[in-house]
Amino acid sequence: MLLRRLVHLLVVLFFVTLFVALLTSMLPGDPVDAIAGFASPEQKDALRDDLGLDDPVPVQYARWISDFVTGDLGGYYSITGERPVMDRVSDSLPVSLQLMVYAQILALLVAIPAGVISAYRAGSRADRAANATAFGMLAFPNFALALVLAYYVGVQADLLPVSGYVAPEEDLVEHIRRMALPTVSLAVAQIAVYMRLLRSDMIATLQEDFITMAKSKGISPRRVLWRHALRPSSLTLLTVAGLNVGTLIGGVVVIEVIFSLPGMGLLLYEAINARQYIALQSLVAIVAVGYVVINFLVDVLYAVLDPRIRHARS
Amino acid sequence: MPAPDGSVGTEVPGLPSLTPTATAEPVDLVAADERLHPESRSARQRRLGVFGVASIVWLAFVTLVAVLAPVLPLDDPNENVASIVGQPPGTDGHLLGGDALGRDLLSRMVWGGRASLVLAVASIIFGLVAGGALGLAAGYFRGRTDTVLAGSFDVLLSFPQLILALTLVTVFASGEGVSSARRMVVLIFALGVVSIPVLARITRANTLSWSQREFVMAARALGTKNWRIMFAEVLPNVMPAMFSIALLGMAVVVVVEGGLSVLGVGVQLPTPSWGNILAEGRSELRDAPHIVLVPTVVIFLTVLALNYLGDVVRARFDVRESAL
């Protein structure tokens, strides 16, 4: 079962990296003109040679993948020469990861209690209010929310800064203040997704015999809800939290640009606007590979947490 | 890998559960049914209702205005008027005020709706045709075809949506002097590609269960050709599910276009779209927040309406979310 998942992972990784590796050769026109239009003809020839864009596909792929796994992510090309992409990535990756982790934590912290309570009181006024709110939250794009928050909280109320980054080891309070609005902007939609999901799972779990059994033994509703019902209901939540990392990555990219946070998103943005296709290629590869691996880990964890699945599928 | 034994959708929708539920409280049948089938109550209630009608009215209004943009008495969306630069709604008879370059915001929103809606509809149609055909083939033929196709949906899904779209747009339409038209075509293609695996999967899951039904077997026994069974017998039954996901997909496209605009690869300026109006307003947030707030409200209402109608269709035709 694990072996089959591993094979699946490798197949997906192969196709994902193949697509990314061939990106530059897909550029319309002469790729070298697109990458370094400012260069002299001799420089262009050297670059063409260096990138090996005329090589057959397997050769191109082999070279790209061996560079990629050894940390050679190519360079930014400018009139002054070539700077390695790797230098920037090692500083940017932690910022993006922090933002993603904060957003997931905040989303789960709000969504789990909200989902549990509205499942317990399904159909009540509070439940319906929570559902309506969640529905509205789903329709609010994170970048629009980010700008609305930046305006009302940042500019009008002047409570929090709206741009820039401070590392946690430098000044923890300032770090939290600067990450607050980006985190909230990202978390809102996730809260809605998780809450709705947990609510419908919990409603189903609360119908099960073992819950009736627990209740009839006189265990307090609170304990039944949190100790007996939550765990079996939280499995789908886990998978969806894993799948949602994809949405979250897209969100992080846009939110970083809005709040000028120096993460992977800002790097991508710079690469796009300076037409640095080699850098784009490496950045997309990191993001896509990371996403595939996270989903693989979630899948494995899912089977570990729920023995029923582990046995049913093998 | 999914089991090829057709175990999907064996549950018969609409039939009450036969398992007796022990309960100490007096039995409230409606409440019990609601607890057992959390969606069924809303399914009954959601024969459109006030919100459904409001959603349709809003979408019809937005569409009508966008279609009629050339004949409406609007200012030129690209004409700069010095007196309304960054002015709030209501200035000088400009209902929604002016943007940072003194262009009439109402006119830009109307013309922007045109771009945003064309993009949403066209890319989802692209996704429906391509994803629908692939999903239908995968679910109908099963076996090796299914393994290969379902595997390729997995690969496509393993890119975060926005990243895949932005990569395709950057590679195919971001050089210097890319025309608005080329950018638009590439955006439709990119967002269509992004929606293919989602639409293909739902089509596949539903095809799997419908292909097991008696009428399909009957058609097969009569010697009907495969493609005819697929399109005449199976497809009509799978369409409601595809349609409900298509509505949600259009909402996603409207939002993703906004995200791409913030990154500078949305609809090409000066052609307005809801997304790029909002993205342009970003730099004037402090002095002219209305440039951001107006498209925010319009995008919010449109996405809300599409999501709501998508849910209505899904509830009515009992489309399982788990099939996604």
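This is a predicted model: local features need pLDDT of at least 70, side-chain atom pairs count only at pLDDT 80 or more; totals for chains, interfaces and linings use all residues.
# A guided tour of chains A and B

Residues are numbered from 1 along each chain as its sequence is written, while chains are lettered from A and ligands numbered from 1 in the order in which they are written.

**Chain A as a whole**

With chain A still selected, its C-alpha trace spans about 85 × 55 × 35 Å along the principal axes. Buried residues make up 39% of its 314 residues; a residue is buried if 20 or more other C-beta atoms lie within 10 Å of its own, exposed if 12 or fewer, and partly exposed in between, with C-beta atoms placed from the backbone. Of the contacts in chain A with a separation of 6 or more, 71% are between residues 24 or more positions apart, two residues being in contact if their C-beta atoms, placed from the backbone, lie within 7 Å.

Select next helix H5 (residues 57-69) of chain A, whose 13 residues reach 18 Å from the first C-alpha to the last, close to the 18 Å expected at 1.5 Å a residue; the expected span is 1.5 Å times one less than the number of residues. Just after H5(A), A:Gly71 takes a positive phi of about 85 degrees. Then pick A:Phe14, which is found in helix H1 of chain A and counts as partly exposed because it has 13 C-beta neighbours inside 10 Å. Between A:Phe14 and A:Ile65 the C-alpha to C-alpha distance is 9.7 Å, although they are 51 residues apart in sequence.

**Chain B**

Turn to chain B, which has eleven helices and zero strands. Of its 324 residues, 46% count as buried, and among its contacts between residues at least 6 apart in sequence, 70% join residues at least 24 apart.

Colour chain B by pLDDT, the predictor's confidence in each residue, from 0 to 100: the average is 81, and 83% of the residues score at least 70. Over residues 1-30 of chain B the pLDDT is below 50, and this stretch has 16 contacts in the model beyond near neighbours in sequence. Residues 40-46 of chain B also stay under 50, with nine contacts beyond four places in sequence. For the model, ipTM is 0.87 and pTM is 0.85.

Select B:Val62, placed in helix H3 (residues 49-67) of chain B, which counts as buried because it has 21 C-beta neighbours inside 10 Å. Leaving aside neighbours within four places in sequence, B:Val62 is in contact with B:Gly113 and B:Thr302.

Helix H7 (residues 180-210) of chain B comes next: its 31 residues should span 45 Å at 1.5 Å a residue, and its end C-alpha atoms are 43 Å apart, which agrees. Look along H7(B) for a bend of about 35 degrees at B:Ser195, with a proline, B:Pro197, following within four residues; the bend is the angle between axes fitted to the seven residues ending at a residue and the seven starting there. Because 24 of the 31 residues of H7(B) are buried, this helix is largely enclosed by the rest of the structure.

**Where the chains meet**

Now show both chains together, where 43 residues of chain A are in contact with 41 residues of chain B. Among the elements giving two or more residues to the chain A side are helix H9 (172-205), helix H11 (221-258) and helix H13 (277-305) of chain A. That side of chain A divides into 34 nonpolar, eight polar and one charged residue, where Ala, Val, Leu, Ile, Met, Phe, Trp, Tyr, Cys and Pro count as nonpolar, Asp, Glu, Lys and Arg as charged, and the others, Gly among them, as polar.

Which elements cover the buried residues of H6(B)? They include H2, H11, H12 and H13 of chain A together with H7 and H9 of chain B. In H6(B) itself, twelve of the 13 residues are buried, including B:Ala165 and B:Val169.

**The nonpolar core**

Of its 173 residues, A:Ala146, A:Tyr194, A:Leu283, A:Ala288, B:Ala165 and B:Val169 touch the most other members. Helix H9 (residues 226-262) of chain B gives the most to this core, with 19 residues.

Definitions and conventions
A nonpolar core is a set of buried Ala, Val, Leu, Ile, Met, Phe, Trp, Tyr and Cys residues joined through C-beta atoms within 7 Å.
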